Amino acid sequence: MFRDSQLIINLDNLAHNVNSIKSYCKNTTLGAVLKANAYGHGLKPMAKALYDLDVNYFLVATLPEGIALRKENPNYIIQIMGHTPNQYLKALVEHQLIPTIFSLEQATLLNELTQQPIDVHLKIETGFNRLGMQINDQTVEEIKNIHALDHIRIKGAFSHLSLMDKASDTLQFNRFKELMSTLETYNIHIPVQHICDSIGMVFYPAFHMDMVRIGALLYGLESEEKGTLDIRPILSFQSKLSHVKIINKGERVAYGNRYIASENVYIGTLPFGYADGYPRSLTNKGYVYINTVKYPIVGAICMDQCMIASKTPLNKDDIVEIIGEHIPVQTLADLACTNKNEIVAQLANRLPRVYIKNNQIVHIENGLIE
Ligand SMILES: *Cc1c(COP(=O)(O)O)cnc(C)c1O
């Protein structure tokens, strides 16, 4: 692994989460959202682990993420949820990725690029106002025209909920449903309709439709919004002390001397910093656990290192928990005034990721070296 700072990914808990989600939405396809390096959990190993659990529909945000997955396995079904710029459509076709389309213009370009049928999903704007075809007098006509293109197969259609409140989410869902019904009257049946992310899936069983797009819940990241689902966190972040010493009362620590010892203390240095994804805003605020004891991070968090203080001796062989049993992602997110997804999405490529199954290491991913 070459580093003491590492992420441990528990694949048994992943399997548990997949089962919980599948039994919650029985007749609906589980689409696994793997954007942002699978929320920091490692794109390729997570795809493989999910595929072994009979999940084979993967959603990513960008074309390069899709290409990376395609290189792993020709059998993955891979959808790009974001916009693919026109000049890259050729690569998209070449790698057999499913684009998200929201204009006749782009559908026409795509149609000209291929001689084979290509599956696309339409993105429909229902109120989030990010990406999607707006619903107006021309929408049905535009979709009819896309449908009529020789090589384009409208395999799916989707929208995204704002999750503001039940009334506005229901309005979004109804707008989407209504458009789908109108298309039916023109004999356009779109087989894979989807609108739910993790929270949508938990809150609105009636909105599950043909597929749910699940990120956070899969990784065990929902704490308050998981409803009755039994979901377990799968990631922990741990390290080991690289240096321990005593400093005297009045001595200071790190850039800007933002910590001043009020008595003689042990200072332990830890080999991770904000370049590993630990928020720099936690300077003099963050903490770690060693053997169920909490230690404050003192002084500025550096790019690659940070320091903790202790009144009692520190053992360099002990495992230091940064995220895990005592510090869930939610706690760290609250402390840094952000959300769970931002914390995990920032976890750096240079952190080795260790995959565990039945208490055994089954894979090590070292993104920098491979
Ligand atoms: C990220 C994303 C999801 C997954 O959201 P979670 O809350 O993590 O489940 C679903 N749909 C779209 C369009 C997304 O961008």
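Student: What are H7 and H8 to each other: oblique or roughly parallel?
Tutor: The axes of H7 (residues 139–148) and H8 (residues 166–185) come within 11 Å and cross at roughly 55 degrees. Axes are lines fitted to C-alpha atoms, for helices over the stretch in contact, and angles run from 0 to 180 degrees between N-to-C directions; helices (H or I, at least four residues) are DSSP runs, numbered from the N terminus. Angles under 35 degrees count as roughly parallel, over 145 as roughly antiparallel, 65 to 115 as roughly perpendicular and the rest as oblique. H7 and H8 are therefore oblique.

Student: What kind of model is this?
Tutor: Residues are numbered from 1 along each chain as its sequence is written, and side-chain values use heavy atoms, with hydrogens and water left out. Local features need pLDDT of at least 70, side-chain atom pairs count only at pLDDT 80 or more, and totals for chains, interfaces and linings use all residues; the model is predicted.

Student: Is the crossing of H7 with H8 left-handed or right-handed?
Tutor: Look at the near helix against the far one. Turned anticlockwise by less than a right angle, the crossing is left-handed; clockwise, right-handed. H7 passes H8 in a crossing that is right-handed.

Student: How many residues in the contact of H7 with H8 are polar?
Tutor: Contact means heavy atoms within 4.5 Å. Thr139, Val140 and Ile143 of H7 meet Leu179, Thr182 and Leu183 of H8. Ala, Val, Leu, Ile, Met, Phe, Trp, Tyr, Cys and Pro count as nonpolar, Asp, Glu, Lys and Arg as charged, and the others, Gly among them, as polar. There are 4 nonpolar residues, no charged ones, and the polar count is 2.

Student: How many residues in the contact of H1 with H3 are nonpolar?
Tutor: The axes of H1 (residues 11–24) and H3 come within 10 Å and cross at roughly 55 degrees. The contact is made by Leu11, Leu14 and Val18 of H1 and Met46, Ala49 and Leu50 of H3. No residue there is polar and none is charged; the nonpolar count is 6.

Student: How many residues in the contact of H3 with H4 are charged?
Tutor: Leu43, Lys44 and Ala47 in H3 meet Glu65, Ala68, Leu69 and Glu72 in H4. By class, 4 are nonpolar, none is polar, and the charged number 3.

Student: Which serine has a polar side-chain atom 2.6 Å from an oxygen atom of the ligand?
Tutor: Residues around the ligand (a heavy atom within 4 Å) include Lys35, Ser198 and Ala216. A polar contact is a pair of N or O atoms within 3.5 Å; within protein, one must be able to donate a hydrogen and the other to accept it, and residues adjacent in sequence count only if both atoms are side-chain atoms. Lysine 35 places a polar side-chain atom 2.8 Å from a ligand oxygen, and a polar backbone atom of alanine 216 is 2.8 Å from a ligand oxygen. The 2.6 Å distance belongs to serine 198.

Key
Helices (H or I, at least four residues) and strands (E, at least two) are DSSP runs, numbered from the N terminus.
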